[in-house]
Amino acid sequence: MKTEKDNKMSQLKKMSEDLESMILGSDLPAIQEIGKSDFPAIRQIKALDYDDVKRNSDQKADEVVESVVLLYLPKEFVFEQDYVNQKMSIDKMTVSNLIFQMKTAEHAIKKLLEEIDNGNIIARNFEVLASLQKSKMEIVKHLAQFVVVMENNYKSLKLDYDSSKAESTHVHDTQAEE
């Protein structure tokens, strides 16, 4: 009976020593068998520079809106009319925000895909990924729709500009004849 009790005490003492050596940092044989290749590689997380993304979004929005405006309206009219300038400003802000949202959504999707690639394959990650991808596609759709609406607005302004120009030319011609 004493030998069985001694055996258990010996096992408990051995386990206690193993635990103590783990706490103090000495290597255990089981840990030595695990190689570095058994663990997934830890990648350094690259942070998104939101200021840079916003700056690029603003620049791209400027290019898009100005190209649409100058496609339909003459430069001299665009820069003399306060209404056109204010409208351009609002359109640039809207396009910039849509581009910024699209870029940040792309970043979030990329990070989530990296997380999944690293082995974090819980179902919730796939649900969130699907939701993010759907949101990004909605943003793309909104951007495309906004550009179409913006083009139609500037076409309408062009028609107004052309008709007012024709009226002023007609009034000028009538006054010259008198």
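Which residues have the most contacts inside the largest nonpolar core? In this predicted model, the residues with the most contacts inside that core are V65, V69, L73, V84, M88, V95 and Y154. The core has 22 residues. Two or more residues are given to this core by each of the helices α3, α4 (75–80), α5 and α6 (123–177).

The protein as a whole contains six helices and zero strands, and its order along the sequence is α-α-α-α-α-α. Of the 178 residues in the protein, 21% are buried. Among contacts with a separation of 6 or more, 75% are between residues 24 or more positions apart.

The packing of two of the helices was then examined. Two packed helices are described by the angle between their axes and the distance between the axes. For helix α3 (residues 50–72) and helix α5 (residues 82–117), the axes come within 8 Å and cross at roughly 135°. Because of this angle, α3 is oblique to α5; an angle would have to be over 145 degrees to count as roughly antiparallel. The crossing of the two helices is right-handed. On the α3 side, the contact is made by Y50, V53, K54, S57, D58, K60, A61, D62, V65, E66 and V69. On the α5 side, the contributing residues are M88, D91, K92, V95, S96, N97, I99, F100, K103 and T104. By type, the residues of this contact comprise nine nonpolar, four polar and eight charged. V65 and V69 of α3 and M88 and V95 of α5 take part in the contact, and these four are also among the residues with the most contacts inside the largest nonpolar core.

Two individual positions illustrate the surroundings of the helices. K60 lies in helix α3 and is one of the residues that make the contact with α5. K60 has a relative accessibility of 43% and therefore counts as partly exposed. The C-alpha atoms of K60 and V95 are separated by 8.5 Å, although the two residues are 35 residues apart along the chain.

I139 lies in helix α6. Its relative accessibility is 12%, so I139 counts as buried, the cut-off being under 20%. Leaving aside residues up to four places away in sequence, I139 touches L98, Q101, M102 and A105. For one of these, M102, the C-alpha atom is separated from that of I139 by 6.2 Å, with the two residues 37 residues apart along the chain.

Key
Residues are numbered from 1 along each chain as its sequence is written. This is a predicted model: local features need pLDDT of at least 70, side-chain atom pairs count only at pLDDT 80 or more; totals for chains, interfaces and linings use all residues. Side-chain values use heavy atoms; hydrogens and water are left out. Axes are lines fitted to C-alpha atoms, for helices over the stretch in contact, and angles run from 0 to 180 degrees between N-to-C directions. Helices (H or I, at least four residues) and strands (E, at least two) are DSSP runs, numbered from the N terminus. Angles under 35 degrees count as roughly parallel, over 145 as roughly antiparallel, 65 to 115 as roughly perpendicular and the rest as oblique. A crossing is left-handed if the near helix is turned anticlockwise from the far one by less than a right angle, and right-handed if clockwise. Contact means heavy atoms within 4.5 Å. Ala, Val, Leu, Ile, Met, Phe, Trp, Tyr, Cys and Pro count as nonpolar, Asp, Glu, Lys and Arg as charged, and the others, Gly among them, as polar. A nonpolar core is a set of buried Ala, Val, Leu, Ile, Met, Phe, Trp, Tyr and Cys residues joined through side-chain atoms within 4.5 Å. Buried means under 20% relative accessible area, exposed over 50%, partly exposed in between (1.4 Å probe, protein chains only).
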